[in-house]
Amino acid sequence: MAAGRVTAWLSRRAGLGRGSMIGGRVALALDPRALRRLGRERTVVLVTGTNGKTTTSLMLTRALEALAEVAANSDGANMPDGVLAALAARPGAPYAVLEVDETYVPWVAGQLNPAVLVLLNLSRDQLDRVGEVRAMERDLRAAIAGHPETTIVANCDDVLVTSAAIDAPKLVWVGAGRRWTGDSTACPRCDGRIETGKDHWSCACGLARPEPAWTVDGDLVRTPGGRQVDLDLRLPGAANRANAAFALAAAHRLGVPPHTAAARLRTITDIGGRYRTVRRSRHSVRLMLAKNPAGWGETLRVLDEDTPVVVAVNAQEADGRDLSWLWDVHFERLRGRQVVVTGERGADLSVRLCYAEVAHWAEPDPVAAIDALPPGGVELVANYTAFRDLVGRLSGA
Ligand SMILES: [Zn+2]
């Protein structure tokens, strides 16, 4: 751990970043059991899924802070080295809320033996980085089978999540709503066709939507006791209300009453810069991040209808080099609005928007794209590195 801390310090001094990743990596290389040791005697919650990990983890952290100190990787460093760095930073915290990349859940759960595992959703992500979503479901199912003592808080509206979780002995189902169905037309157990209706899905093999203990209904969350909690979040959109329901359910499992938790969730106004509005000379720009088709779908849904939109797409390593996902996003939703495309792969995006019949113009530089719009509000949606670079530039401005 000392070697890790020194490396983290050197990394910060050299201006390479905050150092949590590299510090954790050094500690794990020197002692592969470091994670197990740091997690011992704490109540650990792991949060995983394709979308909403960072938001849900932050919400749950805020809720559990009603009980005691919480160690958390709120910077989104969700691989083993980032998880380890979060635990090392708060050695005395009795609780840990850790966002974990789906791929690493089996290994991290093996080390930390979590009290609760929150399973938000599973959908296609960058294929060149993450792999095939149904293989992910099988790996998670196996990991869950290996932890019968862990309470699984899972999304019963997600077919793949349900299949992964349904055999667990301790289960809390959350009805988070069904918006992205692109990865669940066929049953993960038998390849049969999934029949869907309102608040219902099922396959002929018997796999079907379980009855949820927690449900989201507009701005209300219904608890297992039949009570209603008004969310009144500062974060926009149905996806964030669903994230809040997961946070309430997991916090409730660990002893935080839903009304107490909900009040604490209202203190969250942005997630690492996301949803924040920044001033840029004549414009106020609301910053939004989207990383995969389901995430883009949710984000396009929360855009203000009368405000111009800047859409920025890069395809660096961290974004995924493969841009075929552009064709899975329902960009048709942008028709009739003022749209500017930008980012390193703005030309690819432009082609997609032409097929979607969305009138737009292109401006390679994202900041120039904002400046080119008439004064007033701007909705900015960007994928990972495009978002990171823009936040850096706009904060410096
Ligand atoms: Zn089936």
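Which residues in helix 4 meet which residues in helix 11? On the helix 4 side they are Met59, Arg62 and Ala63, and on the helix 11 side Ala261, Arg264 and Leu265. Keep in mind that this is a predicted model.

**Two helix pairs**

Let's stay with that pair for a moment. Helix 4 covers residues 53–64 and helix 11 covers residues 258–265. Sorted by class, their contact has four nonpolar and two charged residues, with no polar ones. The axes are 8 Å apart and the packing angle is about 120 degrees. The crossing is right-handed.

Another pair to look at is helix 6 with helix 8. Here Val105, Pro106 and Ala109 from helix 6 meet Asp139, Leu140, Ala142 and Ala143 from helix 8. By class, that contact has six nonpolar residues, one charged residue and no polar ones. Their axes cross at roughly 15 degrees, and angles under 35 degrees count as roughly parallel; helix 6 and helix 8 are therefore roughly parallel to each other. The handedness of this crossing is right-handed.

Here are the two pairs side by side:

| Helix pair | Residues | Axis distance | Angle |
|---|---|---|---|
| Helix 4 and helix 11 | 53–64 and 258–265 | 8 Å | about 120 degrees |
| Helix 6 and helix 8 | 105–112 and 133–145 | within 9 Å | roughly 15 degrees |

Zooming out, the chain splits into domain 1 (1–32), domain 2 (41–265) and domain 3 (277–396). Between the C-alpha centres of domain 2 and domain 3 there are 28 Å. Where these two domains touch, domain 2 puts in 16 residues and domain 3 puts in 14 residues. Which helix gives the largest share of the domain 2 side? That would be helix 7 (residues 127–130), with three residues.

**Two loop residues with positive phi**

Most residues other than glycine have a negative phi. Serine 281 is not a glycine, yet its phi is positive, at about 35 degrees. You'll find serine 281 in the loop that links strand 12 (277–280) to strand 13 (283–289). Is serine 281 buried or exposed? With 8 other C-beta atoms within 10 Å, and 12 or fewer being the cut-off, serine 281 is exposed.

Glutamate 357 also has a positive phi, of about 60 degrees, although it is not a glycine. Its loop runs between helix 13 (346–355) and strand 16 (361–362). Glutamate 357 has 11 other C-beta atoms within 10 Å, so it counts as exposed.

**Methionine 288**

Strand 13 also holds methionine 288. How many other C-beta atoms lie within 10 Å of methionine 288? There are 25, and since 20 or more is enough, methionine 288 is buried. Setting aside neighbours within four places in sequence, methionine 288 is in contact with Arg274, Tyr275, Thr299, Glu379, Leu380 and Val381. For a sense of scale, methionine 288 and threonine 342 are 54 residues apart in sequence, and their C-alpha atoms are 14 Å apart in space.

Definitions and conventions
Residues numbered from 1 in each chain as written. Predicted model: local features only at pLDDT ≥ 70, side-chain atom pairs only at ≥ 80, totals over all residues. Domains from an automatic or database assignment. Contact = placed C-beta atoms within 7 Å. Helix = DSSP H or I, 4+ residues; strand = E, 2+ residues; numbered from the N terminus. Axes fitted to C-alpha atoms, helices over the stretch in contact; angles between N-to-C directions. Parallel < 35°, antiparallel > 145°, perpendicular 65-115°, else oblique. Left-handed = near helix turned anticlockwise from the far one by under 90°. Nonpolar A, V, L, I, M, F, W, Y, C, P; charged D, E, K, R; others polar.
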